[in-house]
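Please look at the sequence and the model before reading on.

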Amino acid sequence: RHRCAAATEMPPRISKTILVQSSLMLVPGTLIYLIMKPNEKTPEQKRAELEAKHGATIRAARAQREAMERYFQNLKHSQRGDVADPEQEERMASVLTQGKSHVVRHYAYDDGDSR
């Protein structure tokens, strides 16, 4: 009788190196997980702790974010031709002129200027 070649093959062997390396990686990771999991805080506890430690910073960042959102909304409206905020336009003009009354462009050549 002729047997099938697949039935007579040996199952694949796992080398000793693979077993040692996988145990060196998996065992410590599993131990750390089992130790740390019971001590893990819920998201509500983490949020409360952050609010207690860094409440002022969080509130300031939220206020700055809201101010930036208002600024960009005003910028979008002014680009579409809607009514622009005059205070914001004045601030932008000041930023573009670097706080001076006019911009001085050293070493700049305009069209037709052949210094």
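Helix 3 (residues 43-80) spans only 42 Å between its end C-alpha atoms, whereas a straight helix of 38 residues would span 56 Å at 1.5 Å a residue. The expected span is 1.5 Å times one less than the number of residues. At histidine 54, helix 3 bends by about 90°; the bend is the angle between axes fitted to the seven residues ending at a residue and the seven starting there.

This is a predicted model, in which local features need pLDDT of at least 70, side-chain atom pairs count only at pLDDT 80 or more, and totals for chains, interfaces and linings use all residues. Residues are numbered from 1 along each chain as its sequence is written, and side-chain values use heavy atoms, with hydrogens and water left out.

The chain has four helices and zero strands, in the order α-α-α-α. Helices (H or I, at least four residues) and strands (E, at least two) are DSSP runs, numbered from the N terminus.

The count of aromatic pairs is one. The ring centres of tyrosine 71 and phenylalanine 72 lie 5.3 Å apart with planes at 70°, so the pair is edge-to-face (centres within 6.5 Å; planes under 30 degrees apart are stacked, over 60 edge-to-face, the rest tilted).

Relative accessibility is classed as buried (under 20%), exposed (over 50%) or partly exposed (in between), with a 1.4 Å probe and protein chains only.

| Residue | Relative accessibility | Class |
|---|---|---|
| Tyrosine 71 | 19% | buried |
| Phenylalanine 72 | 41% | partly exposed |
| Valine 27 | 45% | partly exposed |

Valine 27 is in helix 2 (residues 16-36). Buried residues make up 3% of the 115 residues in the chain.

Note on methods: Phe/Tyr/Trp six-rings, centres within 6.5 Å; stacked < 30°, edge-to-face > 60°.
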